[in-house]
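Thanks for coming. I will take a few minutes on one chain, so please have the sequence and the structure open.

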Amino acid sequence: MASDPVFAVTPRAEIAQISAANTNRDGTGTIVDVLTGGSSGTNISKIEIVATGTTAAGIVRLYLHNGTNTRLLREVFVTAATPSTTVSVWNAQLIFAFPNVLHLPSASWKLQASTHNAETFNVFAFGADL
């Protein structure tokens, strides 16, 4: 255990776009890198997922890759939405509040994402390198 506290050094804001349909939950198929951990680790405090247009009922999947294996972390259910001047595009926000931040221990770790349906989503990850 460290004798001195570790604080965030470099803020991180990363963006990825997913659009290829991938019905797999086993870490195979088309999966996009959202954020790669820093050399001393990275804490992720918030993930936002925003559709770019009309959505059907489906799922956006988030994965962790540890340098060797990709494993399902969470499924975020997407509801059907047809955006207009009175209806917003579908979006979701995941908050990881201290001390329960999502931690990527090193530069070999990655946060990744995929979509069940062939619809386009922007995935944003906010945090800081240690």
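Which residue in β5 is the bridge partner of Ile59? It is Phe77. Before I go on, some ground rules. This is a predicted model, where local features need pLDDT of at least 70 and side-chain atom pairs count only at pLDDT 80 or more, while totals for chains, interfaces and linings use all residues. Residues are numbered from 1 along each chain as its sequence is written, and side-chain values use heavy atoms, with hydrogens and water left out.

Back to the two strands. β4 covers residues 58-65 and pairs with β5 in the antiparallel sense over eight bridges. Strands here are DSSP runs of E, at least two residues, numbered from the N terminus, and two strands pair if DSSP finds at least two bridges between them. Another bridge joins His65 to Thr70 in β5. Four residues lie between β4 and β5 in this hairpin, and Gly67 in the turn has a positive phi of about 100°.

Now the sheet around that hairpin. It is an open sheet of four strands in the order β2-β8-β4-β5, with antiparallel pairing. β2 (32-36) and β5 (70-78) each have a single partner strand, so one side of each is left without a neighbour in the sheet. On average, neighbouring strands of this sheet are turned by 25° against each other, direction ignored; the axes are lines fitted to C-alpha atoms, and angles between N-to-C directions run from 0 to 180 degrees.

Next, the chain as a whole. The protein chain has nine strands and zero helices, a helix being a DSSP run of H or I of at least four residues. Its C-alpha trace spans about 55 × 35 × 20 Å along the principal axes. Of the 130 residues, 37% count as buried, meaning under 20% relative accessible area with a 1.4 Å probe, protein chains only. Among contacts with a separation of 6 or more, 78% are between residues 24 or more positions apart; contact means heavy atoms within 4.5 Å.

Where is Gly127 found? It sits in strand β9, residues 121-129. Leaving aside neighbours within four places in sequence, Gly127 is in contact with Thr10, Pro11, Arg12, Asn43, Ile44 and Ser45. The C-alpha atoms of Gly127 and Leu35 are separated by 9.7 Å, with the two residues 92 apart along the chain. That is all I have.

Notes:
Buried means under 20% relative accessible area, exposed over 50%, partly exposed in between (1.4 Å probe, protein chains only).
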